[in-house]
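Good morning, colleagues. Please look at the sequence and the structure on the screen, and I shall then discuss its rings, its sheet and its cores.

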Amino acid sequence: MCKYTILGAASLCLISGLANSANQPSSGNKPNMVFIIADDVSWDDFGCYGNRDVKTPNIDQLASKGIRFTNFFLTASSCSPSRNSIITGRYPHNTGAAELHTEPPLEMVSFPEALKQQGYYTAQSGKFHMGIYARRGFDVVNEGKSIGDGGEEMWIATLQKRPMEKPFMMWFAALDAHRAWGPNSFSGTHDPAKLTPPFYLVDSEETKNDLANYYDEIARFDHYVGLVVAELKKQKVLDNTIIIVMADNGRAFPHSKTRVNDRGMKTPFIAYWPKGIGTKPQVCNSLVSAIDTAPTLLELASARIPETVQGVSFSALLKNPEKSFRNYVFAEHNWHDYEAHERMVRTKDFLYILNSRPELTNPGPADAVGSPSFKDLATGYEKGILNSAQAEVFIQPRPTEELYQNSSDPNQFKNLAVHPEYQNKLVELRQVLKNWMAETADNIPENLTPDWYEKLPGYVKTPAHGQRGEMPGQETGAVKLINEMTKKKN
């Protein structure tokens, strides 16, 4: 059921239940879709996910009348690899663009393109960062100076200018809350003095100011989410519009963005659709991967799912959020400013990480390294006053394997890989990851893209700046992988 046409590998059952398409809308009653994606926002940085400091009333309102997913995982905590994965339904190394600032080949297909072929009007507004192939999927692309510092300035105009006779799909991509913090009318919304940094950051004035500025940008993002909802209501199309709110990767702070733990890979994901799922608050705790988004939206639109899609529709969860879905989710960390090759598999109970470059530290991307929060950590590290969690970003060498029990260690700092009583679980998940890498034609190139910057503030370039190595999956033809299950279904 889950086999891919690659290397003759044995089938690995990644999914425990498939969506039932029997109750999907007919072609004459297609739902509209508004996909809203934040930039560099962690899963627990919305109020509806338990953050008591950040102010997100509009997103919280959607969650109170929709489904809030608590175990939704990205495939990369890095902007363009993550977005290309979401929009194609493929793992980063299978898109041909596993590294930051790289593009999939022109023959790649995005789900907006598939919707467009089914009569949808498709429009994009805000940050793009996906490649030329993805532009083919949109009737309109709004980017550049007109989109504003946060990227949301054209969202409402894009809705207003759509052809009213067609179902529509909008890809609204904010630049909020990406560093550097720019002009923002919501500055001062969050008082630094009232904030408590997470225990793996330093509790200092500078770090609190850094967090406050970050939260202010989330507040701007939330404001525009509210405007979109109001416009849909004004146009009397809100009831049959699927609104999704999520993020592309973790916050641009040390310990989060580019990491393959929950702080990097877990994303907020809220689905709102009065006609399809009702308006009572619901929670889905099932494991879901970002690659499942594309086939879900295509199935809800009664559109053909391209054979290139590796994900599987979770539309059944919209009818029954308690239904089981995946046994495993997978993610990867490839080059993002710095050389890297990490892979992870996560179950509800455990997280396993394989690090093929253990000799390297993992302080986060260059924008996190240049942050006041990192400066406070670096100062504390020099003075020898950091706790073990804070100092974790400076570990060198790092473990080749990591194993965490999520229920007893939700912050994933207690590595159980060396504990005798967890060896069976370690061997089990090591094999699961190995099978997935084989089935998806993943590999570990010897000549990876090197560091482009020193691990110092200020984007200090290395002599290797601009040089590209071999991307994972490049040599093994991972971009040509076709999903047999989807092929047979269509």
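This is a predicted model: local features need pLDDT of at least 70, side-chain atom pairs count only at pLDDT 80 or more; totals for chains, interfaces and linings use all residues.

Which residue lies over the face of Trp43? The answer is Lys266, placed at 4.1 Å from the ring centre.

I turn to contacts between rings. The structure contains 30 aromatic pairs. In one of them, the ring centres of Trp155 and Tyr224 are 6.3 Å apart and the planes stand at 75 degrees, so this pair is edge-to-face. The cut-off behind that assignment is an angle over 60 degrees. Trp155 belongs to helix α6, residues 155-160, and Tyr224 to helix α7, residues 205-234; with 69 residues separating the two, the pair links distant parts of the chain. Trp155 and Tyr224 are both buried. They also belong to one aromatic cluster with Phe46, Phe172 and Phe221.

The geometry of Tyr214 and Phe253 is edge-to-face, with 5.4 Å from centre to centre and 65 degrees between the planes. Tyr214 and Phe253 are both buried.

Next, the sheet. How many strands form it, and in what order? There are 8 strands in an open sheet of mixed pairing, running β5-β4-β6-β1-β7-β8-β2-β9. The edges are taken by β5 (140-142) and β9 (282-284); each has a single partner strand, so one side of each is left without a neighbour in the sheet. From one strand to the next, the twist averages 15 degrees. Within the sheet, β1 (residues 32-38) and β6 (residues 168-173) run parallel and share 5 bridges.

Finally, the nonpolar cores. The largest has 59 residues, and Ile36, Phe221, Ile243 and Val245 touch the most other members. Helix α7 gives the most to this core, with 11 residues. Which residues does Val245 contact, neighbours within four places in sequence aside? They are Ile36, Phe46, Ile59, Leu62, Phe221, Val225, Pro268, Phe269 and Ile270. Another core, of 54 residues, lies apart from the largest one and includes Tyr120, Ala290, Val309 and Ile353.

Notes: Residues are numbered from 1 along each chain as its sequence is written. Side-chain values use heavy atoms; hydrogens and water are left out. Rings of Phe, Tyr and Trp (its six-membered ring) pair if their centres lie within 6.5 Å; planes under 30 degrees apart count as stacked, over 60 as edge-to-face and the rest as tilted. Helices (H or I, at least four residues) and strands (E, at least two) are DSSP runs, numbered from the N terminus. Buried means under 20% relative accessible area, exposed over 50%, partly exposed in between (1.4 Å probe, protein chains only). A charge sits over a ring if NZ of Lys or CZ of Arg is within 6 Å of the ring centre and within 35 degrees of the ring normal. Two strands pair if DSSP finds at least two bridges between them. Axes are lines fitted to C-alpha atoms, for helices over the stretch in contact, and angles run from 0 to 180 degrees between N-to-C directions. A nonpolar core is a set of buried Ala, Val, Leu, Ile, Met, Phe, Trp, Tyr and Cys residues joined through side-chain atoms within 4.5 Å. Contact means heavy atoms within 4.5 Å.
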